[in-house]
Structures are given as structure tokens and as C-alpha cells.
Amino acid sequence: MDEPTKQTLCTFCGVVDQVTITPGRRVKATGSLGVCVKGAHYFQKHLSSRPRDVARLTSPMLRSPYGWERVSWDYAIDMAADSILADRQEFGRDSIGCYGVGQMTMESLWVAKKFFQGHLGTNNICSNAEQCLANNAGGHELVFGNEGPFSCYDDYRHAEAIFFYGHNPAINHPTVFQRYVRQNKSAVKVVIDPRRTDTVDVLLAESPHNIHLPVRSGSDVLLNCAIARYLLDEDAWDHDFVAAQVEPASAAEFLRLLREGPYSIDDVVPRITPAGMLADDMRDRLLRACELWKRERVVTTSSVGINQTVGSTGVASILNLHLLTGDIGAPGRGHVRLAGQSNASSELAMGYSGRLLPFRMRITEAGHRAKMARIWGLPAWRINSTPGLPVASFATSERLRTLFIFGTNPARNFPDLARWREKMMDLNIVYVDSYYNPEILEYADIVLPCRTKHETAGIFLNGERRLQFMEPVEEPPFDAWSDVRIICEIARRIALHLGKAAPTLSPDQGTSATSPGEAEVEEWVAKGNVDLSAQTLDAAFSYPVDEQGEPLSEAVWQEILAASRGFYNEFVDGDGVPIDFDRIRSGEGVQWQGRRRYVAESGDNRPLFSGVFRADRRRATFHIPLPERLIPFTERGDGGFVLITGRGAMSGGSSGKGQRRNNTAMFNSSTATGVENWPERNSVYINPRDARRLSVATGSRVTVRNDRGEITCPVEVSDDVPAGHAYLTFHPDRAGTHPNFLTSSDKIDPQTWQPLLKDTRVDLIPISDATK
């Protein structure tokens with residue numbers, strides 16, 4: 001009997017598009033974007049594979065004095081539930097933490113938030129988005145009052161100019177780059193990046209009109225102030241739009257800052273030009289880029305590069321330019337967000353941060369807590385009013401005792417990696433993942449195997465806010481559960497344990513004017529978790545299930561959809577119609593709010609923008625940059641090199657024309673493909689000027705060192721890296737030369753708490769032949 005054709009999603013990055021698995025297990029792109037080598041490689045490698053061939057976790061496991069022991073699901077769930085109750089009672093509600101990943105389905109993100117934050121009362125709940133994409137949301141909130149992007153991929157087709165800030169889409173988002181960016185032949189493309197990346201090479205080869213601005217690292221905000229000043233001097237800004245849609249006091253302050261500050265082209269060019277580049281060359285390129293903002297349709301794009309360098313202020317400085325020119329709310333006008341994590345947009349909408357509730361409400365606001373409690377069917381006092389930990393503080397907190405980790409590897413992905421690994425030795429870690437990962441298994445205590453991408457059903461919200469449904473294309477070859485089921489089973493097991501204990505408080509206790517304070521709630525916790533309600537827990541996590549016992553996605557989505565009503569992040573289409581489950585499953589899904597996000601309704605004279613709640617219409621605000629964000633990193637007088645990190649290796653050789661080793665599929669499924677596919681050791685890339693100064697050449701070994709740690713790497717000499725900068729890839733290698741041994745969690749964005757990993761200084765110490 002022939003195998004049926006099955007449709008699912010490729011979820012390797014924030015683009016997320018449809019694929020069809022044909023009979024014979026062939027992978028065929030069926031969406032409008034297509035599938036790149038990363039996704040195709042994954043499906044071809046994993047479909048019908050044996051667990052030992054792809055390093056799968058095949059059963060729950062428990063650490064014992066004798067090593068890892070396989071246990072039943074019933075026993076593993078019991079242990080997880082007991083750990084929560086024991087630590088919660090002894091150390092308090094905020095001793096529990098949850099760290100997720102931007103490849104969890106929206107259903108699992110919602111259920112985890114409801115369980116940990118709503119019922120258990122811990123705000124230590126965050127995810128990879130706080131490491132990579134949170135500052136994009138933070139920049140939007142600073143300017144518009146909400147986090148939602150207002151453009152889509154199709155805007156690239158209509159743009160007259162496209163600006164990429166610290167972003168390499170030719171490698172990291174190749175389907176969007178090939179099908180949208182490159183297809184718009186008439187648009188001028190500008191890449192703002194210290195490195196000469198593949199994107200730069202491709203675009204410069206296509207047209208001499210395209211521009212590369214290789215500014216010094218940390219110069220983005222200064223650069224954007226120079227562009228804004230140029231537009232003022234040329235009277236090329238939209239006076240009417242600013243008067244109608246921008247808060248007057250912020251407009252006056254921003255215009256004064258630009259006119260009185262040192263932001264002219266002559267002031268800025270010497271500060272942003274890297275050593276070895278002629279200032280006149282940078283000046284010419286910058287003037288050409290400034291002129292592009294006089295056009296009617298300008299699209300900007302940012303990703304992890306600017307988020308981890310100058311943070312939410314950097315993103316806000318881009319949005320300031322859109323406000324100044326009125327380039328918002330029409331095809332080919334606006335800012336496009338591209339993410340590395342496939343469901344990072346869902347993490348942002350669900351408020352995955354220790355300071356946020358779902359739909360971007362604030363923990364510290366009593367009205368927000370009360371509203372979320374009503375949605376979850378809880379008394380308001382159940383939601384903890386104390387903000388949780390920033391993810392950057394997990395490694396140093398004395399509060400954290402039990403940590404649930406879903407589908408990611410903090411043994412590699414966290415800043416201050418040495419300190420974080422030391423901290424994990426003291427934590428009780430419940431690790432939920434599909435693949436055997438030797439790094440994290442050194443620290444985990446309970447392992448719960450979950451279903452893979454091709455075995456899971458769920459909703460993804462991609463970078464342009466398009467809701468799509470991922471169908472499972474095969475059943476797991478053993479008893480793996482989805483994240484949603486694992487969370488629900490633990491919640492209901494806690495309810496069962498509570499049912500055997502002393503009676504708990506009634507679910508509605510404390511909802512009157514005499515609601516308990518935080519101290520009284522903690523007393524209830526210490527008396528045996530009597531603040532929890534077995535009945536409420538069991539009811540909240542008893543979703544309808546399929547024949548395998550998996551909670552049905554539609555039931556969870558209906559809960560999310562109902563909860564979103566009235567918020568800016570309300571899940572409706574361009575006509576304001578709620579997006580039901582059947583529409584998400586059909587075609588290529590539905591884009592959240594379509595083009596109604598920042599387009600005034602007919603006859604509506606209210607401001608275009610909204611805050612957390614959709615009815616909270618307001619004017620936008622020009623963001624005044626923090627002074628420290630206006631200083632390129634090389635001006636700080638710290639000496640040494642500015643460390644640049646990213647995906648993909650640079651070209652080697654002093655000519656800069658060597659073969660690049662790009663962000664290939666093996667790095668995007670590195671755990672699953674096995675360490676045998678990892679390189680032995682990653683290289684550190686430096687400019688020929690710096691190589692001569694250090695008396696090193698390609699193949700030499702150096703110690704890369706700062707006050708956080710040190711690693712030893714071979715050198716690659718490349719013109720693609722500017723002088724004064726060193727580049728290290730995030731790719732895993734067998735020698736463990738990961739840049740997170742050097743990055744710091746002390747520098748965090750004040751708006752979002754995201755660590756500014758790319759604001760890192762290092763020294764390079766040559767290793768002599770005698771000591772090699």
C-alpha cells in the first residue's frame with residue numbers, strides 16, 4: 001500500500017513554511033517561501049530513522065548513584081511532581097523556574113505559562129527569546145507601546161530600498177532572501193554590518209548600487225542619528241505625519257537632540273569608520289544610504305545582530321526613522337522582524353519574561369494580574385507580584401532550586417558559561433527534549449523524552465505573524481510525549497498528591513478586599529502548599545485528548561483565542577474576525593491582524609497605535625537613545641578586540657576570497673546528527689592588519705581571553721572582519737571553544753533584560769611554537 005502524502009511545517013527558523021512529505025519520504029516545498037537545505041536535511045535524516053541513528057532519547061530516565069536508570073512515565077511524572085512540591089514548600093514559590101525554547105508550539109508555551117506562572121506562582125519563566133529576540137519587541141514597545149511588528153515578507157517585493165541591520169539573511173533566512181529580497185531587482189539594498197558576509201557578497205555582485213556600511217560594532221544608534229539629522233537638514237521628513245501621530249513632547253525633544261548634537265555626517269563618519277577604510281569611502285556610502293530614505297517605500301530588517309549589540313535602543317533608533325518619514329502601514333513601508341527561533345514570536349506574545357504576563361501585561365500592575373487571573377480562573381493573589389529573574393541572573397541566583405528546561409541546551413547557550421555550568425550542578429534539573437545531548441545530561445536529574453518536530457502537532461507564529469499548523473508526519477517509534485502532555489500530566493499529578501494531603505484553601509479564597517499579601521501566601525506554601533487547589537489544577541489541565549492520550553491542539557487554541565480578546569495581540573484577521581482553528585490549518589494559515597495593525601479605519605481620526613490593550617489608542621513616541629548606546633565599542637578605551645559572534649564561518653586567507661563554511665544543516669540539527677559531524681575546533685577570524693600586529697598567520701594558535709574566561713583557537717586571517725574586531729562562530733565543536741565562555745550576563749538591556757552578548761571585549765594572546 002502506498003504511503004499517503006503528508007503536509008507539515010519546516011520550523012528551523014522564524015520563517016516557517018509548509019513542506020510536503022511525498023511517498024518515498026521525499027521533501028517537497030509547497031509553501032510560498034520554500035525549504036532551504038537545513039529543513040530538507042532534517043526531514044531526510046530523521047523520517048523513519050532508528051533512535052540510535054539520530055541519538056534519540058527513548059524513555060524517561062532518572063539519575064541515581066549508579067548512573068542513569070530508565071523508569072516508567074508514571075514514576076518519572078511522580079518524581080517531577082514531588083520535586084516541585086518539596087522545593088516549593090521548603091524554599092518558596094520562586095524556587096521553581098522554567099526555561100523554554102522558541103521551537104515549542106504555541107500550545108505548549110501557553111500551557112507552561114499557565115502552569116508555572118498562574119498555578120505555581122513563579123515568575124522565573126523565560127525562554128530563548130530573552131536571549132535573542134526580546135530587544136526587537138522592546139524597541140517596538142519603546143516607540144509604539146506594543147511589541148507587534150507591522151510588516152510582512154511581501155513588503156520586500158514593494159520596497160524601493162531595503163536596509164539590513166547586522167543581519168545575514170543569505171545564510172540564516174535563505175528562502176526569504178531568495179524569493180523576496182533578490183526578486184526585487186529595482187530596490188537598493190543596504191547591509192549595515194561590521195563583517196563582509198555572504199549577503200554583502202551576493203548583493204554587491206548583483207548591483208553596484210547596493211551598499212555595504214561596515215560600521216564599527218556598537219555604531220548602529222549613532223549611524224541612525226546621522227541619517228535622521230541628514231533628513232532634517234534636507235527637510236526630507238514628514239511634518240504632517242509626525243504632527244498627527246507622534247507624541248509632541250517626544251518629537252520636540254528628538255528634533256532638538258538631532259539639531260544640537262554631534263550627529264552631522266562630518267561628525268559621525270570618523271567615529272563609525274573602521275581602521276583601514278578610507279573615511280571618504282564611508283562618507284560616500286553613508287550619503288547614498290541617507291538619500292534612500294527620501295524614497296516613498298523603505299523596509300528595514302533587524303535580527304539577533306542588533307538585538308545583542310545595542311539592544312532595544314538600537315531597534316527603536318530604526319523605528320525612529322520610520323516615524324520621521326512616515327514609512328509605516330503601507331506595502332513596502334516598515335520594519336520586518338526575522339528570528340532564528342521558529343516560534344519566537346509566540347514567546348513574545350505569550351510574555352516569556354520574568355517581568356511579563358501573557359499578551360505583554362506587567363507583573364507589577366495589580367490590574368494586569370487580576371485580569372490574567374480571571375482568564376486562568378484563579379484568584380488574583382495566586383499570581384506572584386514579584387518579578388522573576390532575568391535569564392541572565394539564573395547563574396547567580398540563590399533563589400532557584402528546580403529548573404525545567406524544554407528543548408534547549410543551557411550548557412552551551414547561556415552567557416557566563418563556566419559560571420552557569422557550575423550553578424547547574426546545584427540545581428534539580430528536569431530536562432525535556434527529543435535528542436540525546438551529552439552536554440546537558442551531565443547536569444540533568446530527570447529526563448523526559450518529548451516528540452520531535454515531525455511527530456508533533458501544533459501552531460507556530462512566524463516572523464511576519466502568520467499562524468500556521470504543523471501536522472505530525474509520523475508517530476514516534478517509542479513512547480514519547482508532547483510538551484503539552486508532559487506539563488498537563490505533571491500538573492494533574494500534583495493535584496492527585498494534594499488530594500491525598502490535608503485540605504487546601506478554597507479556589508476563591510482571597511478574592512475579596514481582604515486578599516492575602518505575599519508574606520501570607522508564602523506562609524500557606526510553607527505549610528504544605530495549601531495555597532494550591534487540587535480541583536482547580538486538575539480541571540485547568542484536563543484537555544480533551546486523542547487516542548494516544550495527547551491533548552488536542554484545537555482545545556488549547558480555543559482557550560488562547562478567547563483569552564486574547566481585547567489585547568493588542570488579539571488573534572484576529574485583517575477584518576477583525578477571530579482566527580479559528582480550521583483557518584489556521586488551511587492553506588498557509590492566517591496572518592495576525594493582516595494589514596489592520598497600523599492602518600486607520602475609515603473615518604477614524606484616533607491615533608494609529610495601541611498599547612497592551614487594543615482600545616488603548618495612543619501616539620507613537622520618538623525614543624531618545626541612552627548616552628552609552630551612542631558610543632562605538634572601540635571608543636571605550638578598553639583596549640583589545642571587540643568580539644563579534646554569529647552563525648557561519650567567514651572566508652579564510654588574506655585576500656578574503658577563500659571558501660566560506662556556511663551555516664549548513666549539520667549545525668542546525670547538530671545534536672541529532674551527532675558530534676561526529678562537528679568540527680574539531682572553531683577558528684577565530686581577524687583582519688590582516690591585526691594579524692601583522694600580533695605576528696600571527698592563518699593556522700597560528702591564540703588564546704582568546706577576558707575576565708570571564710579563555711579559550712584556545714586557531715587563527716583565520718580574513719579581510720571580511722574589520723580591524724579591531726575578532727569573529728567567533730556559535731557553532732558547536734569537539735574542543736568546546738564556545739564564545740559563551742567569554743560573554744557576560746552582567747550587561748543587560750534595561751527594557752527587556754536581554755543580555756547584550758555582542759558587547760564583549762577580548763584579548764588575543766599568540767601561542768609560540770614552543771608552547772603549542
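## Cavities

In this predicted model, nine cavities reach a volume of 30 Å³ or more. The largest cavity holds about 100 Å³ of space. Its lining is formed by 13 residues, and those closest to the centre are C10, C13, V15, C36 and T175. By class, eight residues of this lining are nonpolar, three are polar and two are charged.

## Nonpolar cores

The largest nonpolar core comprises 135 residues, within which W110, F115, I494 and F571 touch the most other members. Helix α10 (residues 220-233) supplies the largest share of this core, with ten residues. Apart from it lies another core, of 23 residues, which includes F394, L403, L427 and I440.

The surroundings of W110 can be listed in detail. Beyond its neighbours within four places in sequence, W110 is in contact with M350, P358, F359, M372, I375, W376, Y543, V556, E559, I560 and A563.

## The loop between α17 and α18

F359, one of the contacts of W110, belongs to the loop between α17 (344-349) and α18 (366-376). At 1% relative accessibility, F359 lies under the 20% limit and therefore counts as buried. Its backbone has a positive phi, near 65°, in a residue other than glycine. Most residues other than glycine have a negative phi.

R360 is found in the loop between α17 and α18 as well. With a relative accessibility of 5%, R360 is also buried. Not counting residues up to four places away in sequence, R360 touches A137, E141, E147, L348, A349, R355, N569 and V612.

## Further positive phi values

W753 has a positive phi of about 75° although it is not a glycine. This residue is located in the loop between β25 (725-729) and β26 (761-766). The relative accessible area of W753 is 18%, and because the limit for burial is 20%, W753 is classed as buried.

A positive phi is also found after helix α1 (residues 37-46): the helix is followed by S48, with phi near 60°. Within α1 itself, the buried residues are K38, G39, A40, Y42, F43 and H46. In general terms, an α-helix has 3.6 residues a turn, so residues three or four places apart point the same way.

## D483 at helix α22

D483 lies in helix α22, which spans residues 483-500. Its relative accessible area is 15%, so D483 falls under the 20% limit and is buried.

D483 and M104 are 379 residues apart along the chain, yet their C-alpha atoms are separated by 7.7 Å. M104 is also one of the contacts of D483, together with S108, F406, V432 and C450, when neighbours within four places in sequence are left aside.

## I192 in strand β9

I192 lies in strand β9 (residues 188-192). The relative accessible area of I192 is 1%, and I192 is accordingly buried. In sequence, I192 and H212 are 20 residues apart, and the C-alpha to C-alpha distance between them is 6.1 Å.

Leaving out residues up to four places away in sequence, I192 touches F163, F164, Y165, G166, L213, V215, D220 and L223. Of these contacts of I192, D220 and L223 fall within the range of helix α10 (residues 220-233).

## Strand β24 and its partners

Strand β24 (residues 710-717) has six of its eight residues buried, so the strand is largely enclosed by the rest of the structure. Strand β22 (residues 684-686) pairs with β24 in the parallel sense over three bridges. In this pairing, V684 has V715 of β24 as its bridge partner.

On β24 there is also an antiparallel pairing, with strand β23 (residues 701-705), made through five bridges. Here the bridge partner of V704 is I711 in β24.

How values were computed:
Residues numbered from 1 in each chain as written. Predicted model: local features only at pLDDT ≥ 70, side-chain atom pairs only at ≥ 80, totals over all residues. Heavy atoms only, no water. Core = buried A, V, L, I, M, F, W, Y, C linked by side-chain atoms within 4.5 Å. Buried < 20%, exposed > 50% of the residue type's maximum accessible area, 1.4 Å probe, protein only. Helix = DSSP H or I, 4+ residues; strand = E, 2+ residues; numbered from the N terminus. Contact = heavy atoms within 4.5 Å. 1 Å grid on protein atoms, 1.4 Å probe; cavity = no way out; pocket = protein on both sides within 12 Å on 5 of 7 lines; lining within 4 Å. Points joined across faces, edges and corners; volume = space filled by probe spheres on them. Nonpolar A, V, L, I, M, F, W, Y, C, P; charged D, E, K, R; others polar. Pairing = 2+ DSSP bridges.
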